Amino acid sequence: MTRRTAVAAVMGCVVLAAASCAGPERPTATADGKGAASTSASPAPSATATPTVDAGAAARERMTAAATGRDAPGPEGLLVAAESTGGALFVWESSDGRFCHGTATGVGVTSVACFTRPHTPPVGKEPRLVPLVRMMATGWNVVFGAEHETVESVTCDGVPVRVKGVGVMADGRRSVHAVEFPDLTLGTVSVRVRRGSRVVTETLALETFAKKDDARFASCGEPTS
């Protein structure tokens, strides 16, 4: 079985999975699948090529054209979670407060998915990490929020992983961050966060669907199932 076939067997053609505490997403389009799984035990952060200005602008233009109607971005606009020469992953809030994400590729394929209800998942009262998107876009992309705490660093088995500050949502109560791996990566990463004067380490799952100890794919930390 090739690595691409292995990914398809686990994921289907594409994963558009924003985790939620309440309410499903409503996909409005589907992009073709991409990506293959690495077999290294502890993957390095993605070395995705830096997009040119023209490539980034083109992806944003295609995403803006695809995210229309009630799924169109609100006043904060599109936030770039990841981008490469082949396309980009965007996240945003609609005017009525629904979380959305979408992709735009270099060949013109776009996808858009939004929650059906506003403020999903809702902002909690206690500090926490909130998974928002786990999918193949420019690599294996994981977007998450942080509430009542500040993200300082992310590591995979002790190896630093580049974490991107994407922006803020939920009226400034949730900061949004993203990490990327070259291919589908299983398990968990450690997230160092600051809560006032205290620094603690939390665990963030990179996926929720794979079988335990699946040797076909790269992994970090502990299995999620």
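**Notes on the cores, sheet and salt bridges**

1. Let's start with Arg98: at 0% relative accessibility, it counts as buried (buried is under 20% relative accessible area, exposed over 50%, partly exposed in between, with a 1.4 Å probe and protein chains only). Keep in mind that this is a predicted model, where local features need pLDDT of at least 70, side-chain atom pairs count only at pLDDT 80 or more, and totals for chains, interfaces and linings use all residues. Residues are numbered from 1 along each chain as its sequence is written, and side-chain values use heavy atoms, leaving out hydrogens and water.

2. What does Arg98 meet in a salt bridge? The partner is the side chain of Asp96, at 3.0 Å from N to O. A salt bridge here is a side-chain nitrogen of Lys or Arg within 4 Å of a carboxyl oxygen of Asp or Glu. Asp96 is partly exposed, at 34% relative accessibility.

3. Searching the whole structure turns up nine salt bridges. One of them ties Arg195 to Glu202, with the closest N and O atoms 3.3 Å apart. Arg195 is partly exposed at 23%, while Glu202 is buried at 15%.

4. (Strands are DSSP runs of E with at least two residues, numbered from the N terminus.) Both ends are partly exposed, Glu152 with a relative accessible area of 35% and Arg194 with 32%.

5. Now the inside. The largest nonpolar core has 23 residues, and Leu129, Phe144, Phe181, Val189 and Val191 have the most contacts inside it. Such a core is a set of buried Ala, Val, Leu, Ile, Met, Phe, Trp, Tyr and Cys residues joined through side-chain atoms within 4.5 Å. Strands β6, β7, β8, β11, β12 and β13 each supply at least two residues of this core. A second, separate core of 17 residues includes Leu132, Met135, Val166 and Met169.

6. Finally, the open sheet: four strands in the order β6-β7-β11-β10, with antiparallel pairing (two strands pair if DSSP finds at least two bridges between them). Its edge strands, β6 and β10, each pair on one side only. Eight bridges join β6 to β7, and Met135 has Asn141 in β7 as its bridge partner.
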